[in-house]
Amino acid sequence: MNSSNPIFNHIALNYLSKCQTLSSLKQVHAQMVTTGLTLHTFPLSKLLQSSATLALPHALTVFNQIPNPTIFLYNTLISSIISPANPNCETHHLAFSLYERILWDKNVKPNSHTYPSLLKACGSHPWLHHGLAFHAHVLKFIGPTYDDFVQTSLLNFYANYGKLGVARYLFDQIRNPDLVTWNSMLSAYARCNTSSSYYYVGYVTDEDTSLSMEALCLFIEMQNSLVKPNEVTLVALVSACANLGALSQGIWAHVYVGKFNVKFNYYVGTALIDMYSKCGCLDLAYQLFDELPERDVLCYNAMIGGFATHGYGHKALQLFEQMKFRRLVPDDVTFIVTMCACSHVGLVDEGCEIFESIKEDYGKEPKLEHYGCLIDLLGRAGRVQEAEEKLKGMPMKPNAVLWRSLLGAARVHGNLEVGEVALKNLLELEPETSGNYVLLSNMYASIDRWEDVTRVRKLMKDHGINKMPGSSLVEVDGAMHEFLIGDKTHPRTKEIYLKLEEIGRKLQQHGHKPRTKEVLFDIDEEEKEDALAYHSERLAIAFALIASDSTAPIRIVKNLRVCSDCHASTKLISGIYGREIIVRDRIRFHHFKNGTCSCRDYW
C-alpha cells in the first residue's frame, strides 16, 4: 500500500479511530460514504475494525453490503471478531461462518493471514476440534511452505489441545524463531505443567517433571540463540523452576529480572512468589510479596497458597482479611487456597465459614473445587461422616479427586465403612489408578485385616495395575538429581547405599522401629524394612548428606504423599545429622528440623 495516497491519511479515518459510541461511528460512516471512501479496501478495513469493537452487528451489516469483499477484508473482520476486544468466545461461530463464506466464494482464496486468528479461536472448548480441520486446510490451500506466523499459530493450538509433542515438532521446524515463538513454546510447557487449581498444589507427576525439564533445556537453547528473554519468557521459566523445586535456577531468573531491567509486572511478581513458596523459601516469598508496590488478587492468591502448603493457616487467614480490607474481591482460587490453609492446620470452623461466604457474601455458587476443599477440611479433622454427607449432597456429580480425599480421610481415621464406599465409587471413575487400591490396602493393613489386604492386591494384579513408583528430586549445587525407589542408576550409588546403611544404624540406635504395615509386598518383615529404607526420599537425603554443604538445607520434591515411616525417620535424621530437611510432597510442605516437623503430624 502507498502511504502517500490521500486515502490512507483521510481525516475521516482519524475520526474513526476515536469513536467511542455507535452513534459517533455511524456519523463517520456516513461521511465515508459521501466522500467515496467506502469504495476503497483500506478505509473499509478500518471501518470494519472499529465497528467490530463497538458493535459487532453493525460490522456484519457493513460487510454484507460490500459487493465483492476481498480476502483482505474477510481476514480483517475475522481477526477483529476474535481480537481481545471481543473476548466472548460465543462470537467465534461468526468468525467460522465467515470462513465458510470464503470457501464458497469463488473470487477469493484463504491465505496465510486467514488462519492465525481462526486457530486462536480454537484455543478453548468447545472449538478445540476445529483446529485440526484448519490445519488440514492450511496444507490444502497454502501448502507445506507456510510462513512462521502460521506455524506459531499451529504450535499454540496444539499446545492448548494438549498435543505438546506436535507443538514441539512444529517449533523445531522454524529455522530462526523470534521472541514470540520462543515464548509460545515455553509458555506451552508452563501451561501444561501448572495445575489449574491450588487444590492440587504440590502434586507433581512424572509428566510434570519431564515437561519442566524440557522448559529449562529449551530456555538454555534460547540463550544460545541470542534472543533476549522478556517478562513472558521469565514467567514460563520461573513456573518450571517452581514445579521442579529448582531454587538456584529460580534465583537466577529473579536476578536476571533486576539486572536487565525486565518489566516487573504482576505476572512476574506472582510467578516469583509462587516459585519461592514451592521451593520451600516462604520467607523470601513473603519478603517479595511485601515489597511489591501494588498487589492484585493473583499476588494474594500465590502468597495465601504459599502459607497454606507450608502449614501457616493463621497467617493465610490474616492475608485473606487484609485482601478484603483493601477491597479486592476474592476469586474462585482465593477461596480454594484459603480453605486449604484452614484444612492443613485443622481450622475447621474458619474453613466452613469461608465456604458459606462464597454464596452468602459474594453471591456465587460454590464450584466442584470448593466442595473438594470442604470435604478435605472435614475429613482431615476426623469428621468423616459429615464429609461423606456433604459429598453426597453436592449439586454436581463428585469427581475422583473428591472420592479419593474421602478415602484418604477414612484411612487416617479408621472409618472402614466410608472407605469402602469411597473406593467403590473411585473404581468406577478410575479403575486403573493404583493409588486408590493402595489407600484401601493400607487401611486394611492398619487394622490387621490381612485377608482383605491380599484381596485388594489380587484385584490390582487381575487388572494389571502396578503401584506408581515414588520419585524424589533433590537440588545440589544448582543441579537436579532424581531418585526412584531402590534406584541404583546414580553415578554415586555405592556411596549413597553406604550412607543409607549408616542412616539405618543410627535410626536403630535412636529407637526407630520401621512401620512395615503399609508395605504392599508379599515378603517377610526384614525385606519390608529394606523396602522402606530404599524409598526415593531416603536415597535423595542420603545423596544430599554426602554431596551438599553440611550447613545447607536439603530440599526435596516428591511425587507421592510421604509415608508414615519416612515421615518418622526423616524427623529423626534431621536431629541426628543437624540438617534442615524440606520435603514437598503431593499435599504440602514438611519442614524437618531438630527432630520435629512443621506439620506437627497433622497431614
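## Salt bridges in a predicted model

K278 pairs up with D274 in a salt bridge whose closest N and O atoms sit 3.3 Å apart. Keep in mind that this is a predicted model. Both residues belong to helix α15 (residues 266-278), four residues apart, or about one turn of the helix. As for solvent, K278 and D274 are both buried.

| Pair | N to O distance |
|---|---|
| K278 and D274 | 3.3 Å |
| D172 and R168 | 3.2 Å |
| R404 and E430 | 2.2 Å |

Take D172 and R168 next. They are four residues apart in helix α10 (residues 164-172), so about one helical turn separates them. What about their exposure? D172 has 45% relative accessibility, which makes it partly exposed, while R168 comes in at 15% and counts as buried.

Then there's R404 with E430, whose side chains meet in a salt bridge at 2.2 Å, N to O. This pair ties together distant parts of the chain, 26 residues apart: R404 sits in helix α23 (residues 400-412), and E430 in the loop between α24 (416-429) and α25 (434-446). R404 has a relative accessible area of 19%; the cut-off for buried is under 20%, so R404 counts as buried. E430, at 23% relative accessibility, is partly exposed.

Methods: Residues are numbered from 1 along each chain as its sequence is written. This is a predicted model: local features need pLDDT of at least 70, side-chain atom pairs count only at pLDDT 80 or more; totals for chains, interfaces and linings use all residues. Side-chain values use heavy atoms; hydrogens and water are left out. A salt bridge is a side-chain nitrogen of Lys or Arg within 4 Å of a carboxyl oxygen of Asp or Glu. Helices (H or I, at least four residues) and strands (E, at least two) are DSSP runs, numbered from the N terminus. Buried means under 20% relative accessible area, exposed over 50%, partly exposed in between (1.4 Å probe, protein chains only).
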